[in-house]
Amino acid sequence: MDKRVAVVTGANRGLGYEVSRQLASRGVRVLLCCRDAAKAEAAAERIRYENGDALAFSLDVTDAVSIAALARQIEDNFGAADILVNNAGILIDPEGSRVLDSSFDTYRQTLDVNLFGPLRLCLALVAGMRENGFGRVVNFSSGLGQLSEMGAGTPAYRISKAALNALTRTLAAELTGANVLVNALCPGWVRTDMGGPQAARSIEQGADTAVWLATLPDGGPSGGFFRDRKSIAW
Ligand code: NDP
């Protein structure tokens, strides 16, 4: 059987790099999609050094042109992507910010990366998965996007992740029976540039649930929200 092909956004560092590394170690061919071409190549090289199959691709999730180029490259070389990991994300709410004192630009920028980024990638790649009868879409959400736990603070980030959860459920429902499984996860609080050095979890732990969702067998869950491979409330 041909190797599975995975697209991972924000793959140069943090959770995106670790998910790419773990997928490659499981025999998946990984396209590391990063804003900075040199960082993408350096990350791919590190994975190849561990005998993984990794290719670098220059991609900004806010840039439709780079996403169209990715879609063309995938169609020409592989037919379709098998796995899409929407990992790239930003948290730019200033410390202590509240809905009423946040700038509109903070909302706009955050939604552009955290919601419209994954949506753009889905629009570019998921039709090919459906045609192929195989796909796994993994959306990096956050406990801060849980409506059941929703509270004050970091408003742009919370809103973006709650909306990403809505995208996850809607798309999953629309793909019922297509063998394209669409799920969201919270990685927990992880020691990355975003999570900071005080975070409770290692990057390896944080990546585990995403890798599990990316490699689900046929008939696996779809339209769910997971942490530590267990379903959590929306
Ligand atoms: P990091 O800040 O360490 O890494 C973020 C990654 O996203 C970087 O590779 C960055 O690229 C990339 N990125 C940002 N903007 C864009 C863009 N426009 N186009 C392409 N790539 C972009 O974050 P983490 O690894 O910690 O987080 C990964 C995901 O996990 C995020 O979606 C985050 O919201 C989520 N998450 C993280 C938690 C944590 O505790 N760490 C907790 C809950 C959720 P560049 O290097 O070019 O900036």
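## Ground rules

The model is predicted, so local features need pLDDT of at least 70 and side-chain atom pairs count only at pLDDT 80 or more, while totals for chains, interfaces and linings use all residues. Residues are numbered from 1 along each chain as its sequence is written, and side-chain values use heavy atoms, leaving out hydrogens and water.

## Strand β1

Let's start with β1, which covers residues 5–9. Helices (H or I, at least four residues) and strands (E, at least two) are DSSP runs, numbered from the N terminus. Five of the five residues in β1 are buried, meaning under 20% relative accessible area with a 1.4 Å probe and protein chains only; exposed is over 50%, and partly exposed is in between.

In a regular strand, side chains alternate between the two faces of the sheet. Here V5, V7 and T9 point one way, A6 and V8 point the other way, and all are buried.

## Its neighbours

β1 pairs in parallel with β2 (residues 29–34) over five bridges; strands pair if DSSP finds at least two bridges between them. V7 sits opposite L31 in β2. The chain gets from β1 to β2 through helix α1 (residues 14–25), and this β-α-β crossover is right-handed: with the strands pointing away from the viewer, the path from the first strand over the helix to the second runs clockwise.

β1 also runs parallel to β4 (residues 83–86), joined by three bridges. There, V8 stands opposite V85.

## Two loop residues

N51 isn't a glycine, yet has a positive phi of about 70°. N51 lies in the loop between α2 (37–49) and β3 (53–58) and is exposed, at 75% relative accessibility.

T154, also not a glycine, has a positive phi of about 35°. T154 belongs to the loop between β5 (135–140) and α5 (155–174) and is partly exposed, with 22% relative accessible area.
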